[in-house]
Every structure is written in structure tokens, then in C-alpha cells.
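Let's take a friendly walk through the charged pairs of this protein. Keep the sequence and the 3D view open as you read.

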Amino acid sequence: MSLTDDLTTSGNAIPGPATPYQGDIARYWDHEARPVNLRLGDVDGLYHHHYGIGEIDRAAIGDPTDSEREKKVIAELHRLESAQADVLLDHLGDISADGTLVDAGCGRGGSMVMAHQRFGCRVEGLTLSTQQADFGNKRAAELGIGGFVRSRVANMLDMPFETGSAAGSWNNESSMYVDLHDLMAEHSRVLGVGGRYVTITGCWNPKYGQPSKWVSQINAHFECNIHSRREYLRAMADNRLVPQAVIDLTPDTLPYWELRATTSLVTGIEEAFINSYKDGSFQYVLIAADRV
């Protein structure tokens with residue numbers, strides 16, 4: 001199937017997860033409706049499933065006694081989410097309007113909308129969750145870009161695209177659900193030579209020795225398997241993906257977590273993120289690599 005096939009066809013006809021674990025992940029995200037994802041997206045209609053980076057705008061959130069403070073903090077957290085997506089898109093480089101991008105693990109599609117708005121190109125998203133795909137497609141239709149932005153129910157380890165047909169691709173906090181060598185092999189297959197792959201991810205720090213207790217708590221909370229930065233680089237090297245940038249975003253994401261921990265949107269995992277980032281056992285990293 002070509003990336004330029006009619007985008008108005010239903011993506012949910014694609015066969016579902018291939019393993020019991022993938023079935024569990026699909027059910028997890030089909031039933032996920034955390035306020036921290038939905039209320040932040042309600043700010044401007046961009047629904048993300050990742051975290052934020054950047055300094056807090058203290059003037060924007062106001063005084064702690066402000067009756068509107070919670071609303072302002074939610075808007076600020078969402079601004080930091082979108083700033084993270086902008087940084088990822090920055091590292092895709094120049095994408096022409098006739099190119100196509102692939103978001104592997106697209107969630108409810110916020111980053112896909114931003115990519116289309118920036119580049120004017122087609123964007124294909126893959127998720128194991130029917131609910132997420134339906135949500136993303138409905139939102140794209142509401143924005144009048146359903147002909148350019150589509151979410152599909154599909155396995156990122158078996159993408160329904162022709163070899164070499166993508167100009168760029170990414171994983172934004174979704175690679176911890178799969179085997180990295182299989183994932184990088186599939187991105188390498190669908191990318192054209194010279195195409196750019198970008199990932200932003202949390203990864204455990206090999207210098208710490210082993211995954212810390214905080215990392216184990218994050219794994220249990222999200223039913224995932226966090227990898228080390230070393231594993232990412234090795235998997236890329238084995239699959240013709242040559243890193244052009246490796247950026248430690250840990251200091252940039254701490255303000256987001258510290259602000260989120262003060263809100264009614266807490267999920268109970270904030271302490272694990274904050275402590276693991278501070279003790280160095282966990283890192284928030286961007287890696288951009290070119291297909292050679």
C-alpha cells in the first residue's frame with residue numbers, strides 16, 4: 001500500500017495487534033481517558049500524549065491565590081507539550097508539501113496536526129488503539145484536513161507502507177512498547193534514503209548501572225519496557241540510521257513535571273519522574289538520525 005493512497009478510506013480495517021502483549025496495550029489505550037491528556041488538549045484542540053519542555057511562564061500562571069490559577073496552569077502545561085512537539089518537528093528538517101510523514105504511535109493525533117500545519121504534507125499515524133484512531137480522524141475532519149492527516153489501527157513493527165516511501169518518521173514517547181531493533185528496522189525500511197527519523201523518549205541511564213526503582217515504577221504504571229540510550233543507538237547503527245543529533249532534554253522537562261505535580265491532574269507517577277530525572281537514573285532524550 002502506498003503512502004499516497006486515498007486518505008479518506010477507513011484505517012480501522014487494518015488487522016489488529018499480533019501478540020497478546022500488543023492486545024493488552026491496545027486495550028489499555030482504548031480505555032485511557034486521563035484528564036491530564038484530555039483537559040490539556042481542550043485548551044486549543046491539539047490532543048497530545050507526551051510531556052512538555054521549556055521554562056515555566058510564571059506571569060502566565062499568575063499568583064497561587066488566583067481563582068483562575070488551575071485553568072492557567074493547565075494552559076501552560078499544554079503550551080509546554082506543544083513546545084516539545086515543535087522541537088521534534090524542528091529536527092525533521094525540510095519536508096516538502098508533496099512528502100509524507102509517519103507518526104508511529106500517534107495517540108490522538110496532536111503532533112500530526114502540527115506537522116501538517118507546518119509542512120503542508122500528508123501525515124500518517126499508527127496506533128494500536130481504535131479509540132485513539134477514531135478520535136484523531138474525527139479531529140482532523142473537524143479541522144478540514146482529513147484528506148491530509150489520517151490515523152490507522154496498525155502495528156508500528158509492520159507498517160502498511162511501501163519501502164522507501166516516507167520522507168520522515170518519528171516516535172514521540174511510544175518506542176518503549178516495542179523491541180528497538182524491530183522498530184528501527186521498520187523505520188529504516190519505510191524511509192527513503194536521506195529520510196530523517198526522530199525520537200523523543202525517556203530512557204534509563206546506563207551509567208546508573210541498572211534501571212532504578214523509579215524507572216521500574218514508570219514501567220509498571222504505563223505497562224511498558226523503557227530502554228537505555230545505548231540500546232537506541234545500537235539499534236539505529238544496526239539498521240542504517242545514522243544519528244545527526246543526540247540531545248539531553250532532561251533539564252528542559254523537569255519544569256513541566258514540577259508544575260504538573262502541583263495540579264489536580266496528578267496521576268501518581270509524577271514523583272517517579274521527578275526523582276529519577278534528578279538522581280540521573282532516567283533521561284529525556286531526543287535522537288535524530290538519517291537513513292543512509
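Asp90 and Arg118 join their side chains in a salt bridge, with N to O at 2.7 Å; the term means a side-chain nitrogen of Lys or Arg within 4 Å of a carboxyl oxygen of Asp or Glu. Asp90 sits in helix α4 and Arg118 in helix α5, so this pair ties together parts that are 28 residues apart in sequence. Helices here are DSSP runs (H or I, at least four residues), numbered from the N terminus.

This is a predicted model, where local features need pLDDT of at least 70, side-chain atom pairs count only at pLDDT 80 or more, and totals for chains, interfaces and linings use all residues. Residues are numbered from 1 along each chain as its sequence is written, and side-chain values use heavy atoms, with hydrogens and water left out.

Now look at Asp86, whose side chain also meets that of Arg118 in a salt bridge (3.1 Å, N to O). Helix α4 spans residues 69-90 and helix α5 residues 110-119, so the Asp86 pair ties together parts 32 residues apart in sequence. Through shared partners, salt bridges join Asp86, Asp90 and Arg118 into one network.

How accessible are these residues? Arg118, at 36% relative accessibility, is partly exposed, as are Asp86 at 32% and Asp90 at 45%. Buried means under 20% relative accessible area, exposed over 50%, and partly exposed in between (1.4 Å probe, protein chains only).

Elsewhere, Glu270 forms a salt bridge with Arg260, with the closest N and O atoms 2.9 Å apart. This pair links helix α11 (residues 270-279) to helix α10 (residues 250-260). Glu270 is buried at 4% relative accessibility, and Arg260 is buried at 4% too. In total, the count comes to 13 salt bridges.

Conventions
Helix = DSSP H or I, 4+ residues; strand = E, 2+ residues; numbered from the N terminus.
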